[in-house]
Amino acid sequence: MKGLAYIDETLVLPEVKALDKWQLISLMVDAAAASDPLQEQKETITRAALLEGVMEREHERGTGLGNGVAFPYARVRGLKGAVVCIALPIIPVDFESIDDKPVSIAVLILVPEDQPQTALQIMSMFARLLS
């Protein structure tokens, strides 16, 4: 994913304890907000703004795509490059997926506001990897 999005070992969350999708999203946003790229922009992009963007999108249209996978995401004003966080909940979480199956892998995608195609490219890449 070099060049497409920032991800490092701090953004891979194995064995996450989350009671619901909102808690899982919150934990993922915490990890993303603590990442190097977002720490460099912490004066202009806050954790609260990230969480609000992801939750707003989730309320508009659920991101549970089926087969145990969800792609919560947000377009973030001022973000310089995409950031990805992967979470593997210990107990699969209900994301109101189209197939009603709980999610065992969630991929949080944060992209610059003017680059929605980047989110689609990242989702496509992960879909290929997971199929």
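The mean positions of the 12 positive and 18 negative charges of the protein lie 4 Å apart. In this count Lys and Arg are positive and Asp and Glu negative, with His and the chain ends not counted, and each charge is placed at NZ of Lys, CZ of Arg, CG of Asp or CD of Glu. The structure is a predicted model, in which local features need pLDDT of at least 70 and side-chain atom pairs count only at pLDDT 80 or more, while totals for chains, interfaces and linings use all residues. Residues are numbered from 1 along each chain as its sequence is written, and side-chain values use heavy atoms, with hydrogens and water left out.

Turning to the fold, four helices and six strands make up the secondary structure, in the order β-α-α-α-β-β-β-β-β-α from the N terminus. These elements are DSSP runs numbered from the N terminus, helices being H or I with at least four residues and strands E with at least two. The radius of gyration is 13 Å, close to the 14 Å of the globule rule for 131 residues, so the protein is as compact as a globular protein of that length. Here the radius is taken over C-alpha atoms, and the rule is 2.2 Å times the number of residues to the power 0.38. Along its principal axes, the C-alpha trace spans about 40 × 30 × 25 Å.

The accessible surface comes to about 7300 Å², and 53% of it belongs to carbon and sulfur atoms (Shrake-Rupley method, 1.4 Å probe; for residues, only the protein chains shown count as cover). Of the 131 residues, 47% count as buried, that is, under 20% relative accessible area with a 1.4 Å probe and protein chains only. Among contacts (heavy atoms within 4.5 Å) between residues at least 6 apart in sequence, 69% join residues at least 24 apart.

Strand β1 (residues 12–16) runs parallel to β5 and is joined to it by four bridges, with Pro14 opposite Leu88 in β5. Five bridges link β5 to strand β6 (residues 105–112) in an antiparallel arrangement, and there Cys85 stands opposite Leu108 in β6. Pairing requires that DSSP finds at least two bridges between two strands.

Helix α4 (residues 116–130) contains Ile122, which counts as buried at 0% relative accessibility. The C-alpha atom of Ile122 is separated by 7.9 Å from that of Ala5, although the two residues are 117 apart along the chain.

Definitions and conventions: Buried < 20%, exposed > 50% of the residue type's maximum accessible area, 1.4 Å probe, protein only.
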